[in-house]
Amino acid sequence: GITEKSEGQREVEEVLVKLVRLLANVAISTSIGTMVAATSAVVDPLLDILGCKNIRDSEELVLNTVAAVTNLLYYDAPSNILFTEENKQLLCRLFRPLLLDSYNAEALMETARGLGNLSRHADARKHIRDLRLDDVLVILLDHS
């Protein structure tokens, strides 16, 4: 079919999965995580992946990307690019389909962790409310 990935696309995605997984793991280190979160050459591609890939077609890549972003959101430093006004709003919008497409428990858990890290900021809490992500989380908690 049209949506099937070519061998080359599969190979590229497999490499991306490994790179993003490595990034998610090294981001657990405070010194590395803080540095990486301040580096647009790392942060921007992660946001791009979340913006252009969906969990149904690229499950492993999306899950690893959400984990990497969530780990980077742990570092609430002024240098963290993910905490710019624009990126907080963008992340709330990018996380929304992951909550609504809730067949994947791992995606729900990672997304909820990411929103928890974002919610330390009042403006992010406003975006979460505006997109009704708080309502979605409550409904998901009621059904778990």
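## Contacts, core and helix crossing

In this predicted model, L118 touches L73, F83, K88, L91, C92, F95 and A124, residues up to four places away in sequence being left out.

Q: What makes L118 stand out in the largest nonpolar core?
A: Of the 39 residues in that core, L118 is, together with L91 and F95, among those touching the most other members. At least two residues of the core come from each of α1 (7-26), α2 (30-37), α3 (40-52), α4, α5 (85-100), α6 (105-118), α7 (122-130) and α8 (133-143), and α4 gives the most, with 9 residues.

Q: Why does T65 count as buried?
A: The relative accessibility of T65 is 0%, and buried means under 20%, so T65 counts as buried. T65 lies in helix α4 (residues 59-73) and, not counting residues up to four places away in sequence, touches V20, L46, I49 and L50.

Q: Why are α3 and α4 called oblique to each other?
A: Their axes come within 10 Å and cross at roughly 140°; since roughly antiparallel requires an angle over 145 degrees and roughly perpendicular covers 65 to 115, α3 and α4 are therefore oblique to each other. The crossing in which α3 passes α4 is left-handed.

Q: Which residues of α3 and α4 meet, and how do they divide into nonpolar, polar and charged?
A: From α3, L46, I49 and L50 meet L61, V62, T65, V66, A68, V69 and L72 of α4. The residues of this contact divide into 9 nonpolar, 1 polar and no charged.

Key:
Residues numbered from 1 in each chain as written. Predicted model: local features only at pLDDT ≥ 70, side-chain atom pairs only at ≥ 80, totals over all residues. Heavy atoms only, no water. Helix = DSSP H or I, 4+ residues; strand = E, 2+ residues; numbered from the N terminus. Buried < 20%, exposed > 50% of the residue type's maximum accessible area, 1.4 Å probe, protein only. Contact = heavy atoms within 4.5 Å. Core = buried A, V, L, I, M, F, W, Y, C linked by side-chain atoms within 4.5 Å. Axes fitted to C-alpha atoms, helices over the stretch in contact; angles between N-to-C directions. Parallel < 35°, antiparallel > 145°, perpendicular 65-115°, else oblique. Left-handed = near helix turned anticlockwise from the far one by under 90°. Nonpolar A, V, L, I, M, F, W, Y, C, P; charged D, E, K, R; others polar.
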